[in-house]
Amino acid sequence: MNANQFLKAVSQLQGWRECAFLLSLAERSFPNYALFADAVGLKSGGKMRQLLDLAWDMLQKDVEEAAIPQLLSKLESLSPNVDDYDAYGVYPAFDFCQLLEQALLNRLNPGKHRATDASQLATSTIVSFIELSEGEDLAEDELVRLLDQHPLMKEDKMFQRDLVLALKRQRVPTEVFVDELREGAANDGVSNLGIALES
């Protein structure tokens, strides 16, 4: 699957498949939030984990529409304001919040396509991280090469492509399938930035 085929496949995701795609992206970036919250002494990691778990539950249960705005306002209260922190970690943490927000909004308004932007957001989190950690003094073409060959970028590309292919092949969101998706996305607690939650 080349880049154009991938973009087309993402743009065709709808319904539960699109929601599962958004949740998987959020799941993969959850450690970025949890580690940031921990580092700055916010006690919100556990609450955010519960919220993400509730969002996953929605894939297999019919949810009352009224419940989703409540979850969204809870998410808003747990989301860090990027202007309040000097630490770089606030950005990947906030990106996670946006991904989870898109998954929740998808249940509220399934007609609006969100997967393409979310896919790009998840990738841009990694691009910014690499630029900051390794790309400081590089010329533009060197930076492009670095990004092109970087293991985190390759891993993200593979993760997102495999995810889309799995979703395209699956007819209904069975419990087994959703569990496999979650486990794959959780990646043993290692985020899309390659940072891990200590178990």
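**Close-up views of helix packing and aromatic pairs**

**View 1. Helix H1 against helix H8.** The axes of helix H1 (residues 3–11) and H8 come within 10 Å and cross at roughly 50°. H1 is therefore oblique to H8. The crossing of H1 past H8 is left-handed. From H1, the contact is made by Ala3, Phe6, Ala9 and Val10. From H8, Gln160, Arg161, Val164 and Lys168 take part. By class, this contact of H1 with H8 has five nonpolar, one polar and two charged residues. The model shown here and in the other views is predicted.

**View 2. Helix H2 against helix H8.** Helix H2 (residues 15–39) packs on helix H8 (residues 151–169) at an angle of about 155°. Their axes are 10 Å apart. Angles over 145 degrees count as roughly antiparallel, so H2 is roughly antiparallel to H8. H2 passes H8 in a right-handed crossing. On the H2 side, the contact is made by Trp16, Arg17, Ala20, Phe21, Ser24, Leu25 and Arg28. On the H8 side, the residues are Glu155, Phe159, Gln160, Leu163, Val164, Leu167 and Lys168. The residues of this contact of H2 with H8 divide into eight nonpolar, two polar and four charged.

**View 3. Gln160 and its surroundings.** Gln160 lies in helix H8. Its relative accessible area is 2%, so Gln160 is buried. Leaving aside neighbours within four places in sequence, Gln160 is in contact with Phe6, Phe21, Leu25, Ser119, Ala122 and Thr123. Gln160 takes part in the contact of H1 with H8, and also in the contact of H2 with H8. His150 is ten residues from Gln160 along the chain, and the C-alpha atoms of the two are separated by 16 Å.

**View 4. Ser119 in helix H6.** Ser119 is found in helix H6 (residues 115–134). With a relative accessible area of 5%, Ser119 is buried. Neighbours within four places in sequence are left aside here; Ser119 is then in contact with Phe6, Val10, Phe21, Leu25 and Gln160. Among these partners, Phe6 and Val10 belong to H1. Phe21 and Leu25 belong to H2. Gln160 belongs to H8.

**View 5. The aromatic pair Phe30 and Phe96.** The structure holds six aromatic pairs. One of them joins Phe30 and Phe96 edge-to-face. The rings lie 5.6 Å centre to centre, with 70° between the planes. The pair links distant parts of the chain: Phe30 is in helix H2 and Phe96 in helix H5 (residues 90–108), 66 residues apart. Phe30 has 5% relative accessibility and so counts as buried. Phe96 is buried too, with a relative accessible area of 0%. Phe30, Tyr33 and Phe96 form one aromatic cluster.

**View 6. The aromatic pair Phe36 and Tyr85.** Phe36 and Tyr85 form an edge-to-face aromatic pair. The distance is 5.1 Å centre to centre, and the angle between the planes is 85°. This pair also links distant parts of the chain, 49 residues apart. Phe36 is in helix H2, while Tyr85 is in the loop between helix H4 (67–78) and H5. Phe36 is buried, with a relative accessible area of 4%. Tyr85, at 25% relative accessibility, counts as partly exposed.

Notes
Residues are numbered from 1 along each chain as its sequence is written. This is a predicted model: local features need pLDDT of at least 70, side-chain atom pairs count only at pLDDT 80 or more; totals for chains, interfaces and linings use all residues. Side-chain values use heavy atoms; hydrogens and water are left out. Axes are lines fitted to C-alpha atoms, for helices over the stretch in contact, and angles run from 0 to 180 degrees between N-to-C directions. Helices (H or I, at least four residues) and strands (E, at least two) are DSSP runs, numbered from the N terminus. Angles under 35 degrees count as roughly parallel, over 145 as roughly antiparallel, 65 to 115 as roughly perpendicular and the rest as oblique. A crossing is left-handed if the near helix is turned anticlockwise from the far one by less than a right angle, and right-handed if clockwise. Contact means heavy atoms within 4.5 Å. Ala, Val, Leu, Ile, Met, Phe, Trp, Tyr, Cys and Pro count as nonpolar, Asp, Glu, Lys and Arg as charged, and the others, Gly among them, as polar. Rings of Phe, Tyr and Trp (its six-membered ring) pair if their centres lie within 6.5 Å; planes under 30 degrees apart count as stacked, over 60 as edge-to-face and the rest as tilted. Buried means under 20% relative accessible area, exposed over 50%, partly exposed in between (1.4 Å probe, protein chains only).
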